[in-house]
Amino acid sequence: MTNPPEDLPRYRVITGPDDAAFCHRVSEELAKGYVLHAGPAATFNGESVILAQAMIWGG
């Protein structure tokens, strides 16, 4: 498959709190065929750590 499924973009950024749900979301994208693009970015919003992970289609 040369294009992502379901008309998804070739480049995606997943964001959210640093928790199990975030890890599951990234894992789901990896299972679809996306690959990590560099390491995650992290920031602190005063209450929790927020992550951003860039992913590109590698299918």
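Which residues is Glu-29 in contact with, leaving aside its neighbours within four places in sequence? In this predicted model, they are Arg-12, Ile-14, Tyr-34 and Met-55. Contact here means heavy atoms within 4.5 Å. Glu-29 is found in helix H1. Glu-29 counts as buried because its relative accessibility is 6%. Buried means under 20% relative accessible area, exposed over 50%, and partly exposed in between, with a 1.4 Å probe and protein chains only.

The model is predicted, so local features need pLDDT of at least 70 and side-chain atom pairs count only at pLDDT 80 or more, while totals for chains, interfaces and linings use all residues. Residues are numbered from 1 along each chain as its sequence is written, and side-chain values use heavy atoms, with hydrogens and water left out.

The protein contains one helix and four strands. Their order from the N terminus is β-α-β-β-β. Helices (H or I, at least four residues) and strands (E, at least two) are DSSP runs, numbered from the N terminus. The C-alpha trace spans about 40 × 20 × 15 Å along its principal axes. Of the 59 residues, 25% count as buried. Among contacts with a separation of 6 or more, 53% come from residues 24 or more positions apart. The accessible surface is about 3,900 Å², and carbon and sulfur atoms hold 57% of it. These areas come from the Shrake-Rupley method with a 1.4 Å probe; for residues, only the protein chains shown count as cover.

The largest nonpolar core has eight residues: Leu-8, Ile-14, Phe-22, Val-26, Tyr-34, Leu-51, Met-55 and Trp-57. Helix H1 (20-32) and strand S4 (49-57) are the elements that give two or more residues to this core. S4 gives the most, with three residues. Such a core is a set of buried Ala, Val, Leu, Ile, Met, Phe, Trp, Tyr and Cys residues joined through side-chain atoms within 4.5 Å. Val-26, a core member, touches Ile-14, Leu-36, Gln-53 and Met-55, not counting residues up to four places away in sequence.

Val-49 is found in strand S4. Val-49 is partly exposed, because its relative accessible area is 34%. Not counting residues up to four places away in sequence, Val-49 touches Gly-16, Pro-17, Asp-18, Ala-42, Thr-43 and Phe-44. Val-49 and Gly-16 are 33 residues apart in sequence, yet 8.5 Å apart in space, C-alpha to C-alpha.
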